[in-house]
Number of protein chains: 2
Amino acid sequence: MSASPASTAPSPADALRVALIEALGTGAVIVDPADKAPYLKEWRDLYRGVTPFVVRPADTAGVALTVRLARQHGVPLVPQSGNTGLVGGQMPVEAGNEVLLSTDRLTRIEAVDPQGNTLLCGAGTILAEVQGAAEAVDRFFPLSLASQGSARIGGLISTNAGGTGVLVYGNMREQVLGLEVVLPDGEIWNGLRALRKDNTGYDLKHLFIGAEGTLGVVTRAVLKLRPRPAARDVALVGVANPAAAVALLARVRATMGEAITAFELIPQIGIELVTRHMAGTRNPFAATPPWAVLVEASTFSPERPMREPLEAALAAAYEEGLALDAVIAQSLGEAADFWRLRELMSEVQGYEGGSIKHDVSVPVAAIPAFIEEATAAALAVVPGARPVPFGHVGDGNMHFNISQPAGGDKAAFLARWDAVNAAVHAVVRAHGGSIAAEHGVGRLKAKLLTEVRSPVELKMMRTIKNAFDPDNLMNPGRVLPAESA
Amino acid sequence: MSASPASTAPSPADALRVALIEALGTGAVIVDPADKAPYLKEWRDLYRGVTPFVVRPADTAGVALTVRLARQHGVPLVPQSGNTGLVGGQMPVEAGNEVLLSTDRLTRIEAVDPQGNTLLCGAGTILAEVQGAAEAVDRFFPLSLASQGSARIGGLISTNAGGTGVLVYGNMREQVLGLEVVLPDGEIWNGLRALRKDNTGYDLKHLFIGAEGTLGVVTRAVLKLRPRPAARDVALVGVANPAAAVALLARVRATMGEAITAFELIPQIGIELVTRHMAGTRNPFAATPPWAVLVEASTFSPERPMREPLEAALAAAYEEGLALDAVIAQSLGEAADFWRLRELMSEVQGYEGGSIKHDVSVPVAAIPAFIEEATAAALAVVPGARPVPFGHVGDGNMHFNISQPAGGDKAAFLARWDAVNAAVHAVVRAHGGSIAAEHGVGRLKAKLLTEVRSPVELKMMRTIKNAFDPDNLMNPGRVLPAESA
């Protein structure tokens with residue numbers, strides 16, 4: 001017998017590749033393994049993506065065409081922009097049937113309006129470039145996070161990214177005025193409004209912000225700009241424990257209010273690890289306190305810096321016993337050094353072997369109890385492990401990361417990932433918290449979603465997903481777990 | 001022949017009334033016309049509601065039961081909270097088949113957390129009470145509008161209300177952390193999270209904020225509190241024209257940034273009408289300028305009032321020719337007087353006969369052109385009419401109201417409502433603006449939605465509506481116009 005027709009017919013992905021090359025040109029399709037590689041490896045090395053090819057449309061019309069053709073061929077798409085995601089949402093599954101759709105060519109900043117305080121750009125624009133374009137017209141784009149040199153706007157919107165500016169300025173969601181999205185049926189939704197107030201029907205953009213590409217592909221956005229702070233003062237404050245940190249937050253906000261633009265917790269071990277492993281870093285404390293807080297205060301009036309009121313507030317906190325010690329940065333360089341201590345907190349854990357991560361949030365008042373209980377719970381699973389809890393006290397978001405026991409076996413430690421997660425997440429839930437505060441759900445946490453969202457909520461989410469993507473071809477399996485039979 | 005069965009069988013509404021009285025007690029159902037009347041008359045007297053009865057459940061379970069029973073009987077429901085809406089969304093239609101569901105008994109403030117900066121309350125809580133409860137723990141709830149003594153939280157959420165604090169603090173949407181909603185199928189969605197960061201799947205609350213009760217009934221909410229400003233300075237500044245007002249906004253924000261917490265435009269005629277009709281008001285200008293701006297600056301540090309930098313910024317604006325005159329309030333009482341001038345702007349138009357209203361927004365930079373072109377367009381339709389454009393320059397939202405010609409015929413003027421609307425809305429659209437900026441769509445503007453939202457957007461909205469309310473029983477016909485056959 002001759003070969004069966006099935007073995008000679010092209011696969012759906014092959015057929016899609018041919019159609020895309022014809023429609024968009026060879027330059028838009030990457031097949032070579034070496035050229036695909038950067039798109040398929042992620043920062044933490046938790047996932048290895050496999051894809052028949054990467055498609056990189058040059059504009060919105062190209063994205064729409066890609067989505068329509070993929071739907072015709074029944075091929076699932078995985079949207080990716082800067083590939084800095086930490087939960088695998090942007091990684092094609094190992095089965096190799098998903099095509100990676102990159103928006104990294106949509107990098108044009110099309111308009112900057114300093115009077116209306118808006119900026120219009122493509123989904124592939126890198127965050128640092130948006131920050132720079134705002135600064136060039138004396139405005140401020142407040143989203144700020146460690147990966148801002150490579151994270152792109154489309155992914156930041158699709159994951160509703162957080163970072164260190166959330167306390168006053170909010171998440172990415174709060175920075176978005178308008179969106180353009182290619183829907184799962186290939187239609188283009190132009191919602192690029194540059195308005196602060198618009199109540200003409202349902203606010204559709206919020207559906208796509210934080211949906212991790214499961215409801216469509218973000219292609220352009222109108223972002224909100226703000227007045228640029230004239231100066232920012234930064235202090236590192238030693239405190240005895242997380243309860244003192246939370247009390248200090250209330251203390252400094254009482255006299256400085258929303259001038260307090262960042263409030264980040266750093267544990268003793270974090271300062272030790274950063275200064276041990278990272279050249280050019282320095283511990284500003286004479287004696288390293290058990291915990292430290294990075295406090296940033298911003299002013300808009302150059303003649304009214306926040307230095308003096310910040311000093312006064314910290315002096316009062318010292319008198320009251322809330323602060324053990326405080327160092328105020330004496331220069332922009334020193335302020336940057338203080339920030340580096342905080343920003344390297346995640347990276348340095350790699351030098352200490354394996355680390356099990358949790359991106360969680362609880363009500364601010366519950367932070368001290370959460371840290372205490374989660375530490376005990378994790379150590380009960382892996383005695384000798386070293387918790388490195390750090391993060392955004394001001395908005396209740398902790399990166400509760402746990403480094404392996406010093407000198408222990410990395411693989412044996414990482415094998416306990418799910419058990420440690422379960423123990424820590426149980427504490428999160430007991431405090432009414434979230435197990436996916438700012439990094440999203442992706443593939444890493446989709447299976448946990450049924451534990452933390454009620455049946456009513458899961459039904460609502462599925463109703464939306466099914467209504468917009470009945471064929472389940474847009475980033476399938478991310479966010480929403482597969483329905484049990 | 002005997003009477004047909006149809007004439008003796010109870011109507012669906014009658015059957016629902018009997019079932020509700022049995023389930024919730026007679027106290028929860030209002031049938032008496034005099035007792036129904038306050039629910040059926042709205043402030044502008046544009047709509048007269050007709051309803052077989054009003055149901056007032058005492059708690060969320062009662063709301064859920066009402067929704068389930070109404071669905072069983074096929075009776076449409078119109079949710080209402082404070083009955084301050086300006087677009088008829090809360091008014092049952094004249095056909096008399098819609099039952100009014102009031103949330104005005106859900107008035108409990110259940111928790112106030114000054115450490116986590118959150119407040120949990122029922123949908124029937126009056127805005128002023130939320131503001132007061134925040135103040136009692138030295139916190140601030142920033143939403144502020146003329147009807148705050150009677151507007152209730154459920155309606156403010158369902159219409160995504162705006163007001164005078166949007167410039168820095170955002171709309172109602174930005175004040176909501178969590179929601180409880182009774183869905184159209186009668187299920188209760190408990191999304192009462194008190195978290196600043198939570199990316200566990202789609203952010204469902206944004207579906208219901210601004211949906212005007214068409215996707216469910218909001219029953220409780222977790223609201224965001226903020227640090228309380230220690231002092232607020234208020235100035236009235238005379239300017240030559242709207243372009244000078246927009247330039248002044250940029251000028252004061254350049255040195256004071258987000259300390260500028262309100263920036264409201266008032267036309268000369270507005271000051272004249274308020275001081276003519278309202279006892280106890282006073283024109284603070286020696287010579288009334290063509291336009292005035294109310295500027296408010298807030299500080300969080302009692303020892304650092306904004307008075308001095310505000311004076312400096314306004315002095316500089318005077319030197320540059322942007323400001324013609326400026327008066328800074330010398331006392332809290334005077335600041336309140338300045339605010340009253342602005343807040344009475346809408347009410348006083350009633351003393352001048354008929355007025356045709358537009359609640360619109362455009363990009364901030366387009367405000368001067370919009371006012372000029374919209375004025376010309378309106379006068380072309382009704383020569384001699386008197387435009388009274390006022391509002392929130394800082395966020396692009398103008399209340400472009402037009403009073404009838406002095407001494408003219410009210411009915412003849414109001415008969416031109418649609419024609420004037422069409423002329424003004426055409427100018428709004430030409431500037432990429434919104435015809436429903438902060439008051440919502442309701443019944444008044446549903447028929448206009450097809451003009452301002454694209455077919456793709458209307459399809460997306462209908463997809464959502466159909467998925468959540470397939471029987472179209474939740475506030476039917478509001479927001480989304482009936483589909484043309």
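## Notebook: a predicted two-chain model

I began with A:Thr261 and listed its contacts (heavy atoms within 4.5 Å), leaving aside residues up to four places away in sequence: A:Thr164, A:Gly165, A:Leu167, A:Val168, A:Tyr169, A:Glu296, A:Ala297 and A:Ser298. This is a predicted model, in which local features need pLDDT of at least 70, side-chain atom pairs count only at pLDDT 80 or more, and totals for chains, interfaces and linings use all residues. Residues are numbered from 1 along each chain as its sequence is written, chains are lettered from A and ligands numbered from 1 in the order in which they are written, and side-chain values use heavy atoms, with hydrogens and water left out.

I placed A:Thr261 in strand 13 of chain A, residues 260–267. Strands (E, at least two residues) and helices (H or I, at least four) are DSSP runs, numbered from the N terminus. The relative accessible area of A:Thr261 is 3%, so I noted the residue as buried (under 20%; exposed is over 50%, partly exposed in between, with a 1.4 Å probe and protein chains only). Its side chain joins that of A:Glu296 in a polar contact of 2.7 Å. A polar contact is a pair of N or O atoms within 3.5 Å; within protein, one must be able to donate a hydrogen and the other to accept it, and residues adjacent in sequence count only if both atoms are side-chain atoms.

I searched the whole structure and found 52 salt bridges over all chains (a side-chain nitrogen of Lys or Arg within 4 Å of a carboxyl oxygen of Asp or Glu). One of them pairs A:Arg56 with A:Asp104, with 3.0 Å between the closest N and O atoms. The two sit 48 residues apart, A:Arg56 in the loop between strand 2 and helix 4 of chain A, A:Asp104 in the loop between strand 4 and strand 5. A:Asp104 is buried at 13% relative accessible area.

B:Arg478 lies after helix 17 and B:Glu98 between strand 3 and strand 4 of chain B, so the pair ties together parts 380 residues apart in sequence. Both B:Arg478 and B:Glu98 are buried.

How many residues does each chain bring to the contact? I noted 88 from chain A and 87 from chain B. Together the chains bury about 7000 Å², 56% of it on carbon and sulfur atoms; buried area is the accessible area (1.4 Å probe) that two parts lose on being put together, summed over both. On the side of chain A, A:Lys197, A:Asn199 and A:Tyr202 lose the most area to chain B, together 15% of what that side buries.

I counted 12 salt bridges between chain A and chain B. Among them is B:Lys459 with A:Asp185, at 3.6 Å between the closest N and O atoms. Helix 17 of chain A supplies the largest share of the side that touches chain B, 10 residues.

The same surface serves both copies, as 99% of the contact residues of chain A recur in chain B.
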